[in-house]
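Biologist: I would like to learn how to read contacts in a model like this one. Can we take it feature by feature?

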Amino acid sequence: MQSSLGSPTASSILFFFLIVALTLVVTYWAARRTKTSSEFYAAGRSVSAAQNGLALAGDYMSAASFLGISGMVALQGYDGMIYATGWLVGWPALMFLVAEPLRNLGKFTFADVVAFRLQQRPVRIAAAVGGILTVLFYTIAQMVGSGQLIKLMFGIPYEWAEIIVGSVMLAYVLFGGMLATTWVQIIKAVLLLFGVTILTVLVLSKFGWSPANLYGAVSAKYGKAALVPGGFVSSPLEAVSLGLALMFGLLGLPHILMRFYTVPDAKAARKSVLYATGLIGYFYVIIPIVGFGAAVLVGRDLVNKIAPGGNMAAPLLAELLGGQAFLGFISAVAFATILAVVAGLTLAGASAFSHDIYMSVIKRGKASEEAQLKVARIATIVFGVCAIGLGIAFKGQNVAFMVGLAFAIAASANFPALLMSIVWKKFSTQGAVWSILVGAVSSLGMIVLSPTVWVSIFKFEKAIFPMKNPAIWSMTLAFAVGIVVSLLTPEPRAQEMFEEEKLRTYLGVGAE
Amino acid sequence: MEKVAAPATPSVKQVPAGGHSARTHRSAAEVVASPEFKALVKRRWSISLLLLTLLFVSYYGFILLVAGDKAFVSQMVAENTPLAIPIGVGVIVFAWLLTALYVAWANRSYDPEVERLKGELRR
């Protein structure tokens with residue numbers, strides 16, 4: 001099969017400009033409604049549960065889940081499906097443990113909740129460190145991935161791709177704040193779900209509308225091994241540790257947690273998780289069909305030749321089944337996917353700087369609306385420029401481990417402190433600070449010393465830490481440190497406030 | 001728990017079903033210390049932890065099963081379909097059902113109680 005991937009075609013350019021134009025119109029509309037800090041960070045808490053569900057799905061379904069998982073299924077078969085389940089199961093846990101208390105207790109960031117009854121400054125600084133590290137590694141992975149993808153799909157040079165993604169995304173966040181970001185994420189979620197649904201329908205139409213026929217074709221071509229678990233879960237401890245990082249990492253992702261402040265109340269927050277889980281679950285259930293379809297119809301050899309790792313399996317399949325026009329559409333959707341995710345990350349990174357550090361630590365909670373908004377926008381520009389710079393600096397580097405790193409830090413630094421602050425009366429300032437720092441340093445350290453970085457990137461002979469996924473240890477350590485230090489440094493005032501705050505945690509009385 | 005101002009909760013008249021009339025007003029501390037509020041919080045976490053346990057059993061059970069017993073998950077359950085595929089899809093569907101269960105419980109049982117307790121708050 002001849003592919004026009006890598007050269008800009010009329011249809012890919014058309015869809016690309018349509019999407020950018022549509023999102024910029026939305027940004028213009030949103031900019032006129034973004035005049036206060038609450039509008040900038042939280043869209044004035046005016047987003048409905050269904051809208052937030054779509055936006056959460058748009059924030060979460062990255063290019064890695066669309067192109068990466070379909071490619072993994074195409075090349076490695078069933079193992080890609082195991083990976084897909086891990087990306088979903090955090091959502092119910094998010095609902096059961098943090099969604100409603102988070103909405104009731106916080107204002108703009110998860111640090112609001114952790115610092116609620118503790119000493120503001122040390123806790124804010126620690127939480128901002130955990131939050132910024134998470135967002136930064138996630139952003140680097142997204143930016144480097146996006147440069148490579150856009151180069152592959154549109155033929156645009158890597159550096160230009162970084163600058164285009166960075167500038168368009170900055171326009172959304174800078175002018176339209178959370179409202180524009182929300183709508184970009186909604187548009188992207190709708191386009192992505194629509195595109196993948198069409199791909200799935202086209203694949204099934206080739207196999208008599210029966211997945212069983214598709215599986216039959218897969219096993220006829222690649223053997224039954226493609227339909228059953230392979231080497232991905234050879235070590236149960238490793239698999240469980242990865243599962244823990246994926247599941248509880250979601251509960252510590254600042255850009256996801258931030259979305260819960262855009263809805264009016266805890267009830268809407270709860271409903272939005274149900275919508276998001278349904279949409280994301282649907283996506284992960286059908287994406288393996290796209291992967292298997294690419295394996296049979298496009299063939300593993302071509303998928304692997306165009307992009308090692310299989311990232312182009314879905315676009316190649318789109319071209320084969322729907323022609324150049326459909327390839328153009330899918331490429332533009334992949335581009336929109338990157339934009340929406342990076343915009344959400346930038347807003348979260350900027351809020352950690354401006355709301356947690358500037359407003360709460362430097363200004364001690366006293367700054368005018370104008371000053372807050374100005375600092376939020378400056379932080380956005382700084383973060384956006386850093387994202388472009390880091391994206392270019394890491395060109396050609398293997399950064400796939402950075403998504404895992406972001407999840408490990410989120411699960412080990414942000415999540416334990418967030419959960420303990422909600423449910424544990426005796427949680428203290430020192431306990432929070434040390435739990436976050438130990439969680440961040442241990443997960444970062446263990447990954448650097450693991451085979452993923454120590455051997456694959458630094459080219460050392462043997463890894464110092466044997467596991468690829470350290471979350472099972474670093475998360476446990478963060479909880480243990482948080483508990484021990486809190487018990488050693490009791491804080492009577494915080495314990496008294498725990499009782500008072502329950503009214504807000506569970507009834508929403510006094511929530512922002 | 002002993003830090004709350006009000007020593008004991010005065011017996012509270014129940015609000016008649018659907019009525020607004022005979023509402024007893026209480027302070028924030030009284031509501032937090034009331035047995036109804038404590039029961040509500042306890043029930044919320046019991047439900048959450050029960051559903052979380054089911055999620056853990058299904059997901060980590062799935063991971064350990066595909067890691068541990070490849071022969072078992074490789075057996076064919078339908079034409080060309082090894083068991084591994086339906087259970088993978090099943091984990092995702094089950095996870096969504098758990099969230100739906102939580103929302104159904106919260107809408108039917110948690111929210112009305114929250115509204116009732118909020119109504120009792122002295123303003």
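Biologist: How much area do chain B and chain A bury between them?
Modeller: This is a predicted model. In it, chain B and chain A bury about 4700 Å² between them. Of that area, 75% lies on carbon and sulfur atoms.

Biologist: How many residues does the contact take from chain B and from chain A?
Modeller: Chain B gives 52 residues and chain A gives 50 residues.

Biologist: How many salt bridges does the rule find across the interface of chain B and chain A?
Modeller: Three. In one salt bridge, the side chains of Glu100(A) and Arg44(B) meet at 3.4 Å, N to O. Polar contacts between chain B and chain A count 17 residue pairs, both residues at pLDDT 80 or more.

Biologist: Which element gives the most to the side of chain B that touches chain A?
Modeller: α4(B), with 20 residues. By class, that side of chain B has 39 nonpolar, seven polar and six charged residues.

Biologist: Now helix packing. What describes two packed helices?
Modeller: The angle between their axes and the distance between the axes. Take α5 (residues 79-88) and α13 (residues 266-298), both of chain A. Their axes come within 10 Å and cross at roughly 170 degrees. Angles over 145 degrees count as roughly antiparallel, so α5(A) is roughly antiparallel to α13(A).

Biologist: Which residues in α5(A) meet α13(A)?
Modeller: Met81(A), Ala84(A), Trp87(A) and Leu88(A). Their partners in α13(A) include Ile280(A), Gly281(A), Tyr284(A) and Phe292(A). By class, this contact of α5(A) with α13(A) has eight nonpolar, two polar and no charged residues.

Notes:
Residues are numbered from 1 along each chain as its sequence is written. Chains are lettered from A and ligands numbered from 1 in the order in which they are written. This is a predicted model: local features need pLDDT of at least 70, side-chain atom pairs count only at pLDDT 80 or more; totals for chains, interfaces and linings use all residues. Side-chain values use heavy atoms; hydrogens and water are left out. Axes are lines fitted to C-alpha atoms, for helices over the stretch in contact, and angles run from 0 to 180 degrees between N-to-C directions. Helices (H or I, at least four residues) and strands (E, at least two) are DSSP runs, numbered from the N terminus. Angles under 35 degrees count as roughly parallel, over 145 as roughly antiparallel, 65 to 115 as roughly perpendicular and the rest as oblique. Contact means heavy atoms within 4.5 Å. Ala, Val, Leu, Ile, Met, Phe, Trp, Tyr, Cys and Pro count as nonpolar, Asp, Glu, Lys and Arg as charged, and the others, Gly among them, as polar. Buried area is the accessible area (1.4 Å probe) that two parts lose on being put together, summed over both. A salt bridge is a side-chain nitrogen of Lys or Arg within 4 Å of a carboxyl oxygen of Asp or Glu. A polar contact is a pair of N or O atoms within 3.5 Å; within protein, one must be able to donate a hydrogen and the other to accept it, and residues adjacent in sequence count only if both atoms are side-chain atoms.
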